[in-house]
Amino acid sequence: MLDVVSQNYLEITSLILSYNNINYIGTKLLKMKLHRSFKADHNALTEIPYDFSLLLQKYDHNQISLGSNPWQCSCNSEITDSSLQEKLQDFPSVVCGAGSVPDSIVGRKLM
């Protein structure tokens, strides 16, 4: 199991998790300094934790990719936050998946 502190991962500035069938983002990643990039596109993510979204948003020049995941979109979802969306390099490939509210937005791109 990943131990961010004892395994000395605190100084990681870039993390690429693309194409790994990941279905959640763990709180352990909050300890990393991901100011260069975070890529988790083409996985099975349905939501992004609020605190992690804030971490990604606090850096001005980091590269973020979260597209091609089955996001559960709703008014309260972090993926629908315009501040996060502005930072996404692959925003056109962010699509609402099953469980989105209302049902009529399933399969649609965020705008």
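1. In this predicted model, Glu 11 forms a salt bridge with Lys 33, and the closest N and O atoms of the two residues lie 3.1 Å apart. The structure holds one salt bridge, and its partners come from separate stretches of the chain: Glu 11 sits in the segment before strand S1 (14–16), while Lys 33 belongs to the loop between S1 and strand S2 (37–39), so the pair ties together parts that are 22 residues apart in sequence.

2. For a reader new to the term, a disulfide is a covalent bond between the sulfur atoms of two cysteines. The torsion about the S-S bond of Cys 73 and Cys 96 is about -100°, and the disulfide is therefore left-handed.

3. Where in the chain do Cys 73 and Cys 96 lie? Cys 73 is found in the loop between strand S4 (70–71) and helix H2 (82–85), and Cys 96 is in strand S5 (residues 95–96), so that the pair ties together parts that are 23 residues apart in sequence. Both Cys 73 and Cys 96 are buried.

4. Cys 75, by contrast, is in no disulfide, and the nearest cysteine sulfur, which is that of Cys 73, is 11 Å away. Cys 75 counts as exposed, at 79% relative accessibility, while Cys 73 and Cys 96 are both buried.

Definitions and conventions:
Residues numbered from 1 in each chain as written. Predicted model: local features only at pLDDT ≥ 70, side-chain atom pairs only at ≥ 80, totals over all residues. Heavy atoms only, no water. Salt bridge = Lys/Arg side-chain N within 4 Å of Asp/Glu carboxyl O. Helix = DSSP H or I, 4+ residues; strand = E, 2+ residues; numbered from the N terminus. Disulfide = S-S within 2.5 Å. Buried < 20%, exposed > 50% of the residue type's maximum accessible area, 1.4 Å probe, protein only.
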